[in-house]
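Please keep the sequence and the structure in view while reading.

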Amino acid sequence: MALSSGSQQGTTISRFLNKLKYAFTDVASDITTATTSDIVVMLDASDNHTPKYADSANVFELMGITASAAEINARSAAASRLVNVTDAATYAVLAADSGKIHVMPDFTSSCTLTLPTAAAGLEYTFIGKAVAADAQNWIIKSASATNFFLGGVSFADTDAGAGADEIHAGIWPNGSTNDFLTVVTPGAGTYIYVICDGTNWIVNGQVSSATVPAFSDT
C-alpha cells in the first residue's frame with residue numbers, strides 16, 4: 001500500500017510504510033537498470049523490523065542463495081558450459097569447471113587428465129570431437145589414490161570379431177584402489193561421466209574401441 005501525495009505519514013495500514021514514515025511513490029522513482037553497487041531497502045526482522053538497506057551480497061543471503069553471481073552466470077551462459085581440452089600429454093581438470101562438458105581433441109599423444117581434489121558434487125563429462133577413432137588414449141586419474149573409482153563403463157568392440165572381447169556386461173573398477181581409467185583409442189560415441197560423492201569418483205559412460213578400457217592403480 002502507498003500513501004497518496006499529501007497524505008498523513010505514519011498512519012497507513014501498511015507496517016512497512018509506517019516503519020519508513022513516508023510513501024515511496026511520493027519520493028522514489030523506478031531505478032530502470034540496477035547495478036551491483038545499488039542498495040535495496042528492507043526490514044530487519046531480528047531488530048523489530050527496523051528499516052535498513054542491503055547490498056547485492058545481502059540480497060543473495062535474503063534469498064538463501066549460496067552460489068556467487070559468477071557461479072550462477074557461468075552455469076547460465078551457454079558458451080561457458082564448454083571446455084576445450086588442450087592437445088597435450090597432461091591436462092588438469094579444474095574444480096571451477098565442474099558441470100561442464102570437456103571436449104577432447106584428436107590427440108597427437110596419449111593424454112592424462114587429472115581430476116581435481118575430491119569434493120562432493122564435482123562432475124564432468126568427457127566427449128571426443130575427432131572424426132575418426134583417436135590413435136591415442138584418454139587416461140583419467142584421481143588426484144589422490146585414496147579417492148578411487150566406483151561405478152563402471154560399458155564397452156562396444158569395433159574390431160568386427162577379431163578378438164574375444166565382443167560382448168561385455170561392463171568394465172568395473174575394483175572398488176578399493178583403482179584410481180586410473182584408461183580409454184584406449186576411443187571411437188565414435190565414447191563418453192565418460194564422473195561425479196564425486198566427497199570421497200570417491202563415480203564413473204559412468206560407454207567406450208567404443210577395438211581395445212577394452214581398463215581400471216588400474218597408480
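Which side chain meets that of Lys-100 in a salt bridge? The side chain of Asp-97 does, with 3.2 Å from N to O.

## Basis of the model

This is a predicted model, in which local features need pLDDT of at least 70 and side-chain atom pairs count only at pLDDT 80 or more, while totals for chains, interfaces and linings use all residues. Residues are numbered from 1 along each chain as its sequence is written, and side-chain values use heavy atoms, leaving out hydrogens and water.

## Salt bridges

A salt bridge here is a side-chain nitrogen of Lys or Arg within 4 Å of a carboxyl oxygen of Asp or Glu. The count by this rule is three. Accessibility is classed by relative accessible area: buried is under 20%, exposed over 50%, and partly exposed in between (1.4 Å probe, protein chains only). In the pair Lys-100 and Asp-97, Lys-100 is buried at 15%, and Asp-97 is buried at 10%.

Shared partners join Asp-44, Asp-47 and Lys-52 into one network. Lys-52 bridges to Asp-44 with the closest N and O atoms 2.7 Å apart, and to Asp-47 at 3.3 Å, N to O. Lys-52 is partly exposed at 36%, as is Asp-47 at 34%, whereas Asp-44 is buried at 18%.

His-102 lies in strand β5 (residues 101–104); strands are DSSP runs of E of at least two residues, and helices are runs of H or I of at least four, numbered from the N terminus. The relative accessible area of His-102 is 0%, so this residue counts as buried. Its side chain reaches the backbone oxygen of Lys-100 at 3.1 Å, a polar contact being a pair of N or O atoms within 3.5 Å, one able to donate a hydrogen and the other to accept it, with sequence-adjacent residues counted only if both atoms are side-chain atoms.

Leaving aside residues up to four places away in sequence, His-102 touches several others, including Val-83, Tyr-91, Asp-97 and Phe-126. Contact means heavy atoms within 4.5 Å.

## Chain totals and cysteines

The chain has four helices and 14 strands. Of its 218 residues, 32% are buried. Among contacts between residues at least 6 apart in sequence, 56% join residues at least 24 apart.

The structure has zero disulfides (cysteine sulfur atoms within 2.5 Å). Cys-111 is buried at 0% relative accessible area, and Cys-196 is buried at 4%.
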